[in-house]
Amino acid sequence: MTAGSHGQRVPQLISLDECEQLTAKRVHDLYRKYVSRSQVSLMTSFGFGRELVESAEGAWITTRDGRRILDFTGGVGVLNHGHNHPRILAARKRFQDARRMEVHKTYFSPYVAALGHNLAQLLPDDLNMSFLPNSGAEAVEGAVKLAYKYHGGKRHRIIRADIAFHGKLLGSGGLTGTPDRFRFPEIPGVVSVPTATWPRSATPSATVATCTRSSSSRSARPPCGAAQRSSCAACGNCVTPTTSC
Ligand SMILES: Cc1ncc(COP(=O)(O)O)c(C=O)c1O
């Protein structure tokens with residue numbers, strides 16, 4: 001902020017042109033100050049995020065210094081068509097050229113209706129209803145809610161891997177498995193297991209859902225493995241149900 005001629009505070013905003021000229025260092029500084037300090041230290045400590053991307057097309061990323069990188073990540077599942085797929089760009093351009101309405105609470109969207117229909121045609125059997133979330137956390141929490149609903153509220157246990165990430169919202173944060181206990185209110189009945197690959201027969205009958213995304217490579221163990229420090233909540237004797245057995 002700077003002071004205006006009448007002493008009022010004038011915000012110093014970054015224009016689109018200036019934004020496109022920001023250096024990697026300045027982007028890091030802005031992230032640290034206004035977005036997420038820990039994201040910068042995490043990414044750069046793995047050697048990521050040190051250069052900025054000029055453009056991306058299909059599976060190729062071109063950095064500002066002209067290097068081409070083959071991107072195998074597929075956006076961790078959200079860019080399965082690759083970067084800037086021409087048919088997606090064409091649809092978006094057609095939408096904006098016609099000044100279509102993006103969102104509204106009180107008008108239905110023909111695009112949502114058509115997408116729901118098309119997904120139902122492509123998915124097997126009676127997988128007909130679509131829930132279109134905006135983030136992974138919303139998808140995970142929506143799935144858990146759906147599982148409660150499917151079981152008529154009669155099941156109350158959720159199994160997650162002890163090393164896992166399920167999102168940044170409160171519910172999905174509580175489902176995330178970390179060495180440190182999540183310090184905030186959690187969805188009740190969350191049980192940790194060492195990996196997400198335990199034998200199916202070991203899944204207790206009262207389980208409402210299993211959240212499976214683990215970065216652990218340890219071998220499979222049932223939730224109430226006898227060799228463990230304490231029994232798992234799955235067998236009813238658990239001492240610390242939110243830590244690994
Ligand atoms: C499997 C899985 N679940 C949930 C999430 C959380 O997604 P978001 O950050 O969009 O909420 C991620 C993000 O990496 C993920 O990979």
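User: What share of the 245 residues in the protein chain is buried?
Analyst: Heads-up, this is a predicted model: local features need pLDDT of at least 70, side-chain atom pairs count only at pLDDT 80 or more, and totals for chains, interfaces and linings use all residues. Residues are numbered from 1 along each chain as its sequence is written. Buried takes 20 or more other C-beta atoms (placed from the backbone) within 10 Å of a residue's own, with 12 or fewer for exposed and partly exposed in between. By that count, the buried share of the 245 residues is 15%.

User: In what order do the three strands of the open sheet stand?
Analyst: Strands pair here if DSSP finds at least two bridges between them. β3 (53–57) and β5 (68–70) each have a single partner strand, so they stand at the edges, with one side left without a neighbour in the sheet. The pairing is antiparallel, and the order is β3-β4-β5.

User: Which residue of β4 is the bridge partner of V53?
Analyst: β3 and β4 run antiparallel and share four bridges. Two residues sit between the strands of their hairpin, where G58 has a positive phi near 60°. As for V53, its partner in β4 is T63.

User: And which residue in β5 stands opposite W60?
Analyst: β4 (residues 60–63) pairs with β5 over three bridges, again in the antiparallel sense. Across from W60 you'll find L70.

User: Which glycine takes a positive phi near 90° in the hairpin of β4 and β5?
Analyst: There are four residues between the strands in this hairpin. The glycine with that phi is G66.

User: At what angle do the axes of α2 and α3 cross?
Analyst: The axes are lines fitted to C-alpha atoms over the stretch in contact, with angles from 0 to 180 degrees between N-to-C directions. Those of α2 (residues 24–35) and α3 (residues 37–45) come within 6 Å. The crossing angle is roughly 140°.

User: Which residues of α3 make the contact with α2?
Analyst: Contact here takes C-beta atoms, placed from the backbone, within 7 Å. The α2 side brings H28, Y31, R32 and V35. From α3 come R37, Q39 and V40.

User: Of the nine residues of α3, what is the number buried?
Analyst: This helix lies largely in the open, because its buried count comes out at zero.

User: Which residues of β7 are buried on each face?
Analyst: β7 (residues 190–193) is covered on both faces. V190 and S192 take one side, and on the other are V191 and V193.

User: What is the handedness of the crossover from β6 to β7?
Analyst: β6 (residues 157–161) and β7 pair in the parallel sense over four bridges, with A161 opposite V193. Between the strands, the chain passes through helix α7 (residues 170–175). With the strands pointing away from the viewer, a clockwise path from the first strand over the helix to the second counts as right-handed. This β-α-β crossover is right-handed.

Conventions
Contact = placed C-beta atoms within 7 Å.
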